[in-house]
Amino acid sequence: MEEELKCPVCGSLFREPIILPCSHNVCLPCARTIAVQTPESEQHLPPLLHPRGAAPPAAAGAAPGPAAAAGSAACLDSECAAGGGGGDHADKLSLHSETDSGYGSYTPSLKSPNGVRVLPLVPAPPGAAAAAPRGAGAASSSLTCPQCHRSASLDQRGLRGFQRNRLLEAIVQRYQQGRAAAAAAAKCQLCDRSPPEPAAVLCEQCEVLYCAACQLRCHPARGPFAKHRLAPPPGQPGAPGGGGGGGEGGGKGAGGGRKPPTCAEHDLENYSMYCVSCRSPVCYRCLEEGKHGKHDLKALGAVWKQHKAQLSQALNGVSDKAKEAKEFLVQLKNLLQQIQENGLDYEACLVAQCDALVDALTRQKAKLLTKVTKEREHKLKVVWDQINHCTLKLRQSTGLMEYCLEVIKENDPSGFLQISDALIKRVQVSQEQWVKGALEPKVSAEFDLTLDSEPLLQSIHQLDFIQMKCRVPPVPLLQLEKCCTRNNSVTLAWRMPPLSHNPVEGYILELDDGDGGQFREVYVGKETLCTIDGLHFNSTYNARVKAFNSSGVGPYSKTVILQTSDVAWFTFDPSSAHRDIVLSNDNQTATCNSYDDRVVLGTAAFSKGVHYWELHVDRYDNHPDPAFGIARINVVKDMMLGKDDKAWAMYVDNNRSWFMHCNSHTNRTEGGVSKGATVGVLLDLNKHNLTFYINGQQQGPPAFENVEGVFMPALSLNRNVQVTLHTGLEVPQCVKQPKLPNN
């Protein structure tokens, strides 16, 4: 509430608040600060160039009486307006002007401590006051609201022309007294000592008062408490609402009694009446002077009580919204905690998942390194084997070559010929050992191992949270307190669980056939409330709902069981009735404007079960032939019921009755109707027949058999008949003997 008690200019509690024409409040000292002087040069501007809320100079000079001088700060109040006298002030835009709003705008240059721009008061130019009596245009003053920036000109009374908000003054005084008491009672709420220590801080999140010792012990500045905001206790300097400037001004007059409000124009007179036209309280002298002679006046106390009642009624709505806002804030605070916990869980999960990926990559790296090592060792072994084999052959060939050269050097032909054949064969064999490819390496220095890491790198770059992708919606929650049945209609309501982040594009509502059969879709859409009409009476239905989005269909909700009404309650249907039909008594009584027969249907439709209703004849003149029965929805409504193939009826006069369908008249039966008679209609869709009663006695045999489909109660009548419908009746248990038809 404290923000409501602070002046928008100085930011402190109100001191001598006054009410501006725009209904906002401002301190009287602050009002002197934000009053704006209109320079004398602007008094001579053309009318179209005048600031809004300022009077044209020509009109100001036309006043027969001396004008009030308002050129300086001291002359803003009425007690300083020494030259203020009578005269015609219609040329001025005063606070009581009824032809112009008095609102305008201004562009001041300075700022108050509360951020509102203000203008310092400019001293009046020399000779301005003296020039006023001669009709010269003196500077005028206007006051601009610091909240809505609407301005109003001041009349000769200056700021004293604004009404004093004494009610606000009293509230400020009570608030300061309560704040002082709260400051004296601010004790630590966790102390074990008796009495508790004075509170040192208030935690705005915990909403707990702590002394210095308990703060260190129970509310350390670390962990989750590190982000909590600690403020001084209420009533201490620096605490919310503890501004010193407002307390000093608001305490003015606190020791004295509260003065009754007096009239702004007659200081010694108390308010006694309320002018509805001017929306202001007035005294009896205001009435004697005739200022409110033609206005709507009411007793002050009566209007006070009326406005209090209106305010209380308006506060009920605000109170409900405030309650919802508090619950919403609790939900948001819980959401903050859940976000914090879920964030930590997700961080731990992310670290674990990434560590698992790193471990898997490390293991795969070890496997790949093992393959490279094996390949390297294989290549080395092959090369070493080839080196050893080639070295051995080379040594053997070199030895053979050296031996053959020594043999060739010998000059003994016979000795040479003895071994030459063998040497030649050995040399040839040695040469054949160096076949093609024997002097080529069996392996290459290159490794035929290529690691394709591009898909893995691409997968790593595309790695994202699965939570960012859309999932199917969760299970909807049926709101059982809103689910209900009425007649043969059921209404179901549901909602999604709180804190559900998966989007929902719509819902699918399913209902069985009332006999425990298969479910079928009865509604698909975005609404969370659905009413299904046209169900069977006295039947039990099972219903369930599921949500869907682009990812698929979510699971079903729990099944709710709904029981329709045992008997039918309905009225005549004005929407489908012939235009000549006249309905009254909440659509339960029907008559007609025409001498021709017109049809009206009931609001219920039957396709199963046994149903009974009665029609009471309220008026019966000149022996008309009203017809009672059932019909399809598309029955012809401008002729007697039963003349087409869409209706099954009994029409009756004062002596006898007939059954009629497709304009075929059958089973004439003695006994008619008159004023006060009651006609009963029994529709048994289990046996598929229709029976009529007059005054509790069955009229003839069952009128029609083998009736199947959907039927609505129907009636045709003209202006000579008026009947009243009675529904919700039990089926008659005892049926009197029927009258036998004459033919």
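**Briefing: loops, rings and a kinked helix**

N706 is exposed, with a relative accessible area of 70% (exposed means over 50%, buried under 20%, and partly exposed in between, using a 1.4 Å probe and protein chains only). This is a predicted model, in which local features need pLDDT of at least 70 and side-chain atom pairs count only at pLDDT 80 or more, while totals for chains, interfaces and linings use all residues. Residues are numbered from 1 along each chain as its sequence is written, and side-chain values use heavy atoms, leaving out hydrogens and water.

**Confidence**
- Average pLDDT for the protein is 79, and 80% of the residues score at least 70 (pLDDT is the predictor's confidence in each residue, from 0 to 100).
- Please take care with residues 77-138, where pLDDT stays under 50.

**Loop backbone**
- N706 sits in the loop between β35 (704-705) and β36 (712-717) (strands are DSSP runs of E with at least two residues, helices runs of H or I with at least four, numbered from the N terminus).
- Although N706 is not a glycine, its phi is positive, about 60°.
- N622, in the loop between β27 (610-620) and β28 (627-631), has a positive phi near 60° and is exposed at 63% relative accessibility.
- The peptide bond from S194 to P195 is cis, with omega near 0°; P195 belongs to the loop between α4 (166-184) and β9 (201-203).

**Helix α9**
- Helix α9 (residues 413-433) has 21 residues and spans 29 Å from first C-alpha to last, close to the expected 30 Å (1.5 Å times one less than its number of residues).
- A kink of about 40° is centred on S420 (the angle between axes fitted to the seven residues ending there and the seven starting there).
- S420 is also one of the buried residues of α9, along with L423 and S430.

**Aromatic rings and charges**
- There are ten aromatic pairs in the structure (Phe, Tyr or Trp rings, the six-membered one for Trp, with centres within 6.5 Å; planes under 30 degrees apart are stacked, over 60 edge-to-face, the rest tilted).
- W494 and Y507 pair edge-to-face, 5.8 Å centre to centre with 65° between the planes.
- W494 is buried at 0% relative accessibility, and Y507 is buried at 7%.
- Ring pairs join F537, F570, F606 and W613 into a cluster.
- The charged end of R719 sits over the ring of Y595, 4.7 Å from its centre (NZ of Lys or CZ of Arg within 6 Å of the ring centre and within 35 degrees of the ring normal).

How values were computed:
Contact = heavy atoms within 4.5 Å.
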